[in-house]
Amino acid sequence: MCGIVGYAGARPCKDILFRGLRKLEYRGYDSAGISIIGDGRFELLHSVGNLDNLEAILDRMGDAGTLGIAHTRWATHGRPSTENAHPHTDCTGRFAIVLNGIVENYLRLRAALQGEGHSFTSETDAEVVAHLIERAYRGSLREAVVEAYRQMEGHFTFCAIAVEEPDVIVGIRKETPLVVGLSDGENFMASAIPAFLAETRSVVFPEDGDVVVVGRDAVEIFDLYGAPVDRPVQTIDWDDEAAEKAGYETFMLKEIHEQPVALADTLAERIGPDGRVVLDGLGLDAETVRALQRIVIVACGTSYHAGLVGKYALERWARLPVEVEVASEFRYRDPVIGPGCLCIAISQSGETADTLAAMRLARQAGAQVLALTNIVGSQATREADGVLFTRAGLEIGVAATKTFLTQVLATLLFALWLGERRGLMDGERVRGFTEELRRIPALLSDYLEDGAAGRVELVAARYAARRFFMVLGRNIGLPVALEGALKLKEISYVPTEAYAAGEMKHGPIALLEEGSPVLVVATDSRVYDKLISNVQEVKARGARIIAVASEGNEGLAEMADETFLVPRTDEMLAPLLSVVPLQLFAYYVAKARGEKVDQPRNLAKTVTVE
Ligand code: G6P
């Protein structure tokens, strides 16, 4: 949450910083600000609301500054306002800072600083950092940053600049992201790579407690005691165009249409010539696999729904008991976990605070930890015993789409891999599934190219004014129903209940009235007939049925009021197709209601706070 970008170079930097913020806007968009050093003084600009408002006043800032920091905020402490927008400055106006994360002991620090005569202008936790640096400064910004860092508790990243040292930005991280971009005669610092991807692909990932000094000609990294630290330079193969809308009206729509490619990329080289699943880097040797007794999946939001799909697949194919846990609950219970347990942490960003905490807890208890993430170098990859990467590319729309689909695919691949390693699936059975998996990207691509979006849009327009939706599913269709409902809540703000179809008559059916729209995930499955009985129960109460069905299922099409037909596939792989019309439905309901799809209210893509 919150996006930070810093630049040190020879070019006037306010526009460079602004362009960087644009690429980080998915991290927060309730206020923003830039601070640059030019002609020996700071220039500062703050605005409330999304970055359009900052852009509108950007020309108030001069062009002299060639070093600066910028921030786009997702409010935690203090409402969105100009005063609470970053960068924050100290009492003397010599230091400016931007922060992502939370300073948990800020009230204590603030009281102490106020007692010493410091005066505060905002309600944020971040402002204490500027005053701590002011108090600690003895001619070295690096040392003052370390001094401030030592007194702060919580998890955060901050970057600081000083009028007296106009050639450097100093940054430091603790359990939240900070990446450095290296270029010729100019260097960058940011919360995430997209901020500077248009300028460079050479990246360094500092570790917690690394003190990063970014200058125009060099980037130096020190430990907290001032000794130099060496971190490898990595080359990122993302394309900056990934951060553009490429002709689509929103990132979300673009990302829905990128799903076939994301699936194909995630599959690439993971199916061997013999049809077996090939997964490297999992950190699971034959002995660990043999000793496994159970699996716990921890995740939040959409990733949790991918975990639920994983449960069905792992239980069926690998025959291990699987629990799927919301990370924020898991971490504060007394979960029974230890050796013999595999904890799979699913997080597209690899940064979600609760998921990271759940991973740590599992690891401390002696469990093996596998991170399933989309982001190379993310915190989850550093703390796990092994990593399974999805290859969805950059996802900017706050409502996850292509990362979900690739998470589902990765969990299916892993379940096949484990089923075979545990001797429960022979090569032929695995090959049957992998051959079908290979077909899915093309099936989905044909489905999308064949006008699926337009068909869903027409139906969505008919229902967009409704004040309530219900989404039903059974078996592996249930996680799809939950995910479809989450999409509707996130971007259209229509209250939506998702339920196991068989459980619906134990309560939620009471919500239905004549004409209530009920979406049903009804692709072919072993529980199809049961599901149809549930649909009849709903229909008998006067509800309108919007069904997602397998192609060729004319019977259901006759029973339902609206039908979204998706290509036929094995029931275990069906979520890879059946969720797509639900993503599109949520999308077009939100559009018809005039909502800002890529920037839903109150949400942020990456939740680095509890
Ligand atoms: C936020 C996002 C969701 C995402 C969840 C978990 O709530 O808005 O789209 O599913 O975080 O994020 P993660 O990066 O851990 O998958």
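**View 1. Strands β11 and β14 pair in antiparallel fashion.** Strand β11 (residues 202-204) is joined to β14 by three bridges. Within this pair, V203 has Q234 of β14 as its bridge partner. Strands count as paired if DSSP finds at least two bridges between them; strands (E, at least two residues) and helices (H or I, at least four) are DSSP runs numbered from the N terminus. The model is predicted: local features need pLDDT of at least 70, side-chain atom pairs count only at pLDDT 80 or more, and totals for chains, interfaces and linings use all residues. Residues are numbered from 1 along each chain as its sequence is written, and side-chain values use heavy atoms, without hydrogens and water.

**View 2. An open sheet has eight strands with antiparallel pairing.** The strand order is β3-β2-β4-β1-β10-β9-β11-β14. At the edges are β3 (41-48) and β14 (233-235), each pairing on one side only. From one strand to the next, the twist averages 20 degrees.

**View 3. Residues surround the ligand.** The shell holds 14 residues, each with a heavy atom within 4 Å of the ligand; the closest are S303, S347, Q348, S349 and T352. Helix α9 (residues 301-318) gives the most to this shell, with three residues.

Conventions
Axes fitted to C-alpha atoms, helices over the stretch in contact; angles between N-to-C directions.
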